[in-house]
Amino acid sequence: AIENIKQKIYFILLLFSFLNIIMIVYLIIRNKNKQLQIRAFHLRIKNDKDNSNVINFDKKNKNKKKKNLSSSSSSSSSSSSSSSKKTHLRSSSINNDFIYDYYDIIIIGASISGCSTAINLSRENIYKNSDLSILIIDKDHLPKKLSNACPTIISPIGQSELQKMGVLQLLLSEGYGKWANEGGIVSPSGYSFVANLHHSGGYKEVGSSQDFICNESILKSYLLSTSKAHDVNVLSSTQVIGIEKEGEYYKITASRDQNKKIEIKTRMVVGADGAISNAAYLVGLIDKPQADTVCSRTIVKAYTHNFAPDIVTFFPKELLPGYIVISKDINQYLSINCYDIPGGSKKSEDLYNIYNEILKNNKEIKQALGTNVEISPFSSYPIRVKPLTRVYCDQFLVVGSAAGFFDSMTGQNIHYCLLSGSLAAKTISRGFIKGDLSSSHLKQYQKKANRLFVFDLWIAYVYVRMSYYFPSSIDAFTQSIKKNGDELLQLLFSVKSGQRSKLNLIFRPDVSIVLFIELIIQFINNKIFSFFRSKKR
């Protein structure tokens, strides 16, 4: 047994040395590792003419006239591939929703990523003096019923995107959000820390490593209303059942109101319909319209719990490589999110029982919540934890959760939804100007996404999967933060928020040495000492 332990230690040492060599070569090639948020800012504002609050944009742009069939046909002779081939015929009125038989861009899904794409496209319309018509189609009735209890976490990158849309200011002014001042981690062995990240309040926090917690249903409602304010058409209670290519157009077939079918033509389609993404399936980007796994959520009633911090991530051994994130909103409601990351020994049919057992019997969670908590029934929603290898084809892009833009390490994806919508809007706008919406142009969207965050998402996925085989790595990291103070803590939260690459947690020399020493200590404590203790018994 001792020889086996020695071999494992030698193997870990060799593996660590090999990975450090790879990382050194990688950093030399890249020259230096820039913060992802700064790179996103530069890309986002590169061609902006006006970075002011876009809700108060010029009313004249809001009332742009739609071109009719006659104007379209007269202008089409100048360019067969330009966006002037718009018909904009008012075809029907369905429950007071007026629709046309043609839109330049159709976004499938009024999700966070869908609204982000629509708002940014409208901004591009204003900046570049174009007249692109935009339609959002969603299967649900809109606006959805608001919920008082639905906390969600927005990282600094997402905050910056919301601020440019004017939505962050509304959330703060109306009292629907707050800054996360305290956050922590509880490791598989029960090691824990809670850090105080107090800031003074206001907009100065945008760009820091401080998360923002708000009501998710209200956030979506504000994004939808902002989209409408930007002259975006919205068609709700409509299920897209077909996407067919007809020449240089896509024909969208949708079902609504007792299977009544409608058909709309478009030059560009954006899939923003969630992790299952029927839109991506209809155009052939994925084989099956299904997600990788699920997240189960329950809400704890306000003032029935003892939870003091704002955000804490728990890593119960029985759930690895999954984890639980508990967050508290401004009204003291708790959101308990159980993320089932593929891998490990658990089976999907056992998840519900595992979640309940953890909430009832896990010592750390029981202590954090208290004994008199009032918990709602579990609800589940699908998530795609692995980014799609291809998120574009001719005249089609996938954004947000539909593209698998999800951080497996933290459970966050809102800022990836917002940022991917911004990237997609810029790529589409340039495509219309150039008269090129083919794959050769739209692949620029995937290249920019890969450079900004997709590579990091794959690293996060590998890290989390490895935690099942090496749970002591989370113990080591938690203990390292407690022992080494603020510097490592700030690095953790900047990595967690997407501002720095997750490679910094392992391959930065000043960090990797500390973590490696702590990992050896944890390995000796958990394996060798426990072996001799069991022998004595």
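Me: Is Ile-521 buried, partly exposed or exposed?
Reply: This is a predicted model, and in it Ile-521 has a relative accessibility of 40%. Buried means under 20% and exposed means over 50%, so Ile-521 counts as partly exposed.

Me: Thanks! Which helix is Ile-521 in?
Reply: Ile-521 belongs to helix α17, which covers residues 509-536.

Me: And how far apart are Ile-521 and Ser-472 in space?
Reply: Their C-alpha atoms are 9.6 Å apart, while in sequence the two residues are separated by 49 positions.

Me: Let's zoom out. How many helices and strands are in the chain?
Reply: The protein chain has 17 helices and 20 strands. Its length is 537 residues, and 53% of them count as buried.

Me: What share of the contacts comes from residues 24 or more positions apart?
Reply: Those pairs make up 73% of the contacts in the protein chain with a separation of 6 or more.

Me: Okay, helices now. How do α5 and α8 pack?
Reply: Helix α5 (residues 112-127) and helix α8 (residues 216-229) pack at about 25°, and their axes are 9 Å apart. Because of that angle, α5 is roughly parallel to α8. Their crossing is left-handed.

Me: Which residues meet there?
Reply: From α5 they are Ile-112, Cys-115, Ala-118 and Ile-119. On the α8 side you have Leu-219, Lys-220, Leu-223, Leu-224, Thr-226 and Ser-227. Sorted by class, this contact has 7 nonpolar, 2 polar and 1 charged residues.

Me: And what about α5 with α12?
Reply: Helix α12 (residues 414-434) packs against α5 at an angle of about 35°, with the axes 7 Å apart. The crossing of α5 and α12 is right-handed.

Me: Which α5 residues meet α12?
Reply: α5 contributes Ile-112, Ser-113, Ser-116, Thr-117, Asn-120, Leu-121 and Glu-124. Among the α12 residues they meet are Ile-414, Cys-417, Leu-418, Gly-421 and Lys-426. By class, the α5 contact with α12 has 8 nonpolar, 7 polar and 2 charged residues.

Me: Switching to sheets. In what order do the strands of the 3-strand sheet come?
Reply: The order is β5-β9-β6, in an open sheet with antiparallel pairing. The edge strands are β5 (151-154) and β6 (177-179), and each pairs on one side only. On average, neighbouring strands here are turned by 25° against each other, with direction ignored.

Me: How many bridges are there between β5 and β9?
Reply: There are 4 bridges between β5 and β9 (residues 212-215), in the antiparallel sense. Ile-153, for instance, has Ile-213 in β9 as its bridge partner.

Me: Which helix lies across β5, β6 and β9?
Reply: That is helix α6 (residues 156-165), running at about 95° to β5.

Me: What is the strand order in the 7-strand sheet?
Reply: That open sheet runs β8-β7-β15-β16-β17-β14-β18, and its pairing is mixed. At the edges are β8 (192-196) and β18 (379-383); each has a single partner strand, so one side of each has no neighbour in the sheet. From one strand to the next, the twist averages 15°.

Me: How do β16 and β17 pair?
Reply: Strand β16 (residues 323-328) pairs with strand β17 (residues 334-339) over 6 bridges in the antiparallel sense. Val-325 sits opposite Asn-337 of β17.

Me: Last topic, β13. In which sense does β3 run with β13, parallel or antiparallel?
Reply: Strand β3 (residues 102-108) and strand β13 (residues 260-271) run parallel, joined by 6 bridges. Ile-108 is opposite Gly-271 in β13.

Me: And how does β12 pair with β13?
Reply: β12 (residues 249-256) pairs with β13 in the antiparallel sense, over 7 bridges. In β13, Ile-264 stands opposite Ile-252.

Me: How many bridges link β13 and β20?
Reply: There are 3 bridges between β13 and β20 (residues 396-398), and the sense is parallel. Here Val-269 stands opposite Phe-396 in β20.

Conventions. Residues are numbered from 1 along each chain as its sequence is written. This is a predicted model: local features need pLDDT of at least 70, side-chain atom pairs count only at pLDDT 80 or more; totals for chains, interfaces and linings use all residues. Side-chain values use heavy atoms; hydrogens and water are left out. Axes are lines fitted to C-alpha atoms, for helices over the stretch in contact, and angles run from 0 to 180 degrees between N-to-C directions. Helices (H or I, at least four residues) and strands (E, at least two) are DSSP runs, numbered from the N terminus. Angles under 35 degrees count as roughly parallel, over 145 as roughly antiparallel, 65 to 115 as roughly perpendicular and the rest as oblique. A crossing is left-handed if the near helix is turned anticlockwise from the far one by less than a right angle, and right-handed if clockwise. Contact means heavy atoms within 4.5 Å. Ala, Val, Leu, Ile, Met, Phe, Trp, Tyr, Cys and Pro count as nonpolar, Asp, Glu, Lys and Arg as charged, and the others, Gly among them, as polar. Two strands pair if DSSP finds at least two bridges between them. Buried means under 20% relative accessible area, exposed over 50%, partly exposed in between (1.4 Å probe, protein chains only).
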